Amino acid sequence: MKKLCEYAENELGIILSDKQISQFEKYYEMLIEKNKVMNLTAITEKDEVVLKHFIDSIALAKYYDFNNNIKVIDVGTGAGFPGIPLKIVFPDINITLYDSLNKRIKFLQEVIDELELDKEGNCEAIHGRAEEGGRMANMRECYDLAVSRAVANMAVLAEYCLPFVKVSGSFIPYKTGKIDEELKEGKKSVSLLGGKIEKTEKLILFDSDIERSFVFIKKIKNTPKSFPRKPGVAKKQAIS
């Protein structure tokens, strides 16, 4: 975890405590152990996990202030990225880990319990499809920030995520370095769903040649009631 500690201190100005380092170590162990019986990650070598999952997940903190008691949803969280690393580093945030596969949610609940991340009811793992959660009264337009590292184009991701974000909140997807064409194609979708693309922050991941882009989308008006559409529609017929 040396590289993770160096990154946090040098790039984010955060000195990880012994407890936080221990939480990351335990998370790695649980991830690798569970990965033997279910597909959580193709990346298993420790240094690779630290760089491509842990450091990548918290890199957003270079551009976004997580030091407030904000309400965050990680849509399509998978094995818990970026949500779990963000929660370890910023324990005061209120975070919902949301995924469509119940087996992954059960694993994430084990991680939450083992790492003691939910001491004040501010960390939960919920099973469901984004198109369903985005229509639920207790989730729709309730979050200050939605994040996602899910593999989907901008138009589809916007329909999955913007319905969760409150007006004046933000949706920030984790995208690859080459994003310009995708942004162009997704602009109409973002606008129709109540968002506005404000800026894109591009970086090279710490001590690597991996390109990452963070697209900052501000929620400027309510998402129309007709969105999100029924499960599967956005992927088959993206807004264009």
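Rings of Phe, Tyr and Trp (its six-membered ring) count as a pair if their centres lie within 6.5 Å; planes under 30 degrees apart are called stacked, over 60 edge-to-face and the rest tilted. This is a predicted model, where local features need pLDDT of at least 70 and side-chain atom pairs count only at pLDDT 80 or more, while totals for chains, interfaces and linings use all residues. Residues are numbered from 1 along each chain as its sequence is written, and side-chain values use heavy atoms, with hydrogens and water left out.

Searching the whole structure gives 11 aromatic pairs. Take Tyr27 and Phe81, a tilted pair with 5.6 Å centre to centre and 40 degrees between the planes. Tyr27 sits in helix α2 (residues 18-35) and Phe81 in the loop between β1 (71-75) and α4 (83-89), so the pair links parts of the chain 54 residues apart; helices (H or I, at least four residues) and strands (E, at least two) are DSSP runs, numbered from the N terminus. Tyr27 is buried at 0% relative accessible area, and Phe81 is buried at 4%, where buried means under 20%, exposed over 50% and partly exposed in between (1.4 Å probe, protein chains only).

Now look at Phe66 and Phe90, a stacked pair with 5.3 Å centre to centre and 25 degrees between the planes. Phe66 is in the loop between α3 (46-58) and β1, and Phe90 in the loop between α4 and β2 (94-99), so their pairing ties together parts 24 residues apart in sequence. Phe66 is buried, at 2% relative accessibility.

Finally, find Glu114 in helix α5 (residues 102-115). Glu114 counts as partly exposed because its relative accessibility is 45%.
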